[in-house]
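Biologist: I would like to learn how to read a model like this one. Please start with contacts along the chain, then go to a single residue.

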Amino acid sequence: MKNNQPYFDVNKDTWNTKVGIHAKSEFYAMEKFRAGNCSLNSYELNALGDVTGKSLLHLQCHFGQDTLSWSRKGAQCTGVDISEEGIILARELNDELGLDANFVCCNVLDTTTHVDQQYDIVFTSYGVIGWLPDLKPWGQMIAQMLKPGGVFYMIEFHPLVWMFDYSKNTPTIDYPYDSREPIYEEYKGTYADENAEMISKEYGWNHGLGTILTALTDAGLELSSFREYDASPYKIFPDLEETSDGMFMLGNKLYPLLFEIKAIAL
């Protein structure tokens, strides 16, 4: 079995550095969040509906804004992330806001060894699975963390968007749709602050839709729904046009920007 720990270590260092930059960025709008703004978007809110009294596990939670937004909506939440700095800030925000979320620092693939309960909902969103080299153990972990009848929900950037090299003036398709080997990138700034002085060093993997769906169904989850969307709540790719409802789309709509999956634990 390939040793992926060196890749995880590099990514963790990068995300530890990102936390302080992101917390100050307009992208994460921390003061508005502290004042009560919800960081969740319409896709996940519509898909999961009323979460009052439900237990919810948020995978790869960064510094916990979405976890805490679900907590504000009445869920009993646990957030997991690989970044120590992210978890420290998440716990500080939880205490400051008087919420009751729990946060655990670990590699998401090791969640079952650090979290000893099952959940009504497992949730993950926007730019998360690309940090994982193999989705088979990810799917198995999700199945283990769900109660019978529990719901897994993910909203994620479409694998087609990760095939492009956006560092070029005119992005070109330079990366595989489904990669087995890590893709290394090194660039100045972050998606939340392109002018930040940090150098982001990152190892990632692209996963096609077949790989994603198979990882979940092979783990014993039953697919409930699958959808693809043209509109993204985040303007993190070039040449996106803002719509009247504040979303962002490709003017030519040649390919979807997002997909969502809902699956049920049997």
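Biologist: What share of the contacts between residues at least 6 apart in sequence join residues at least 24 apart?

Modeller: Contact means heavy atoms within 4.5 Å. In this protein, 71% of the contacts between residues at least 6 apart join residues at least 24 apart. The model is predicted: local features need pLDDT of at least 70, side-chain atom pairs count only at pLDDT 80 or more, and totals for chains, interfaces and linings use all residues. Residues are numbered from 1 along each chain as its sequence is written, and side-chain values use heavy atoms, with hydrogens and water left out.

Biologist: What percentage of the 266 residues is buried?

Modeller: Buried means under 20% relative accessible area, exposed over 50%, and partly exposed in between, with a 1.4 Å probe and protein chains only. Here buried residues make up 51% of the 266.

Biologist: Is threonine 190 buried or exposed?

Modeller: Threonine 190 has 3% relative accessibility, so it counts as buried.

Biologist: Where is threonine 190 found?

Modeller: Strands are DSSP runs of E, at least two residues, numbered from the N terminus. Threonine 190 sits in the loop between strand S8 (183–188) and strand S9 (199–204).

Biologist: Which residues is threonine 190 in contact with, leaving aside neighbours within four places in sequence?

Modeller: Those residues are Lys18, His22, Met198 and Ser200.

Terms used. Helices (H or I, at least four residues) and strands (E, at least two) are DSSP runs, numbered from the N terminus.
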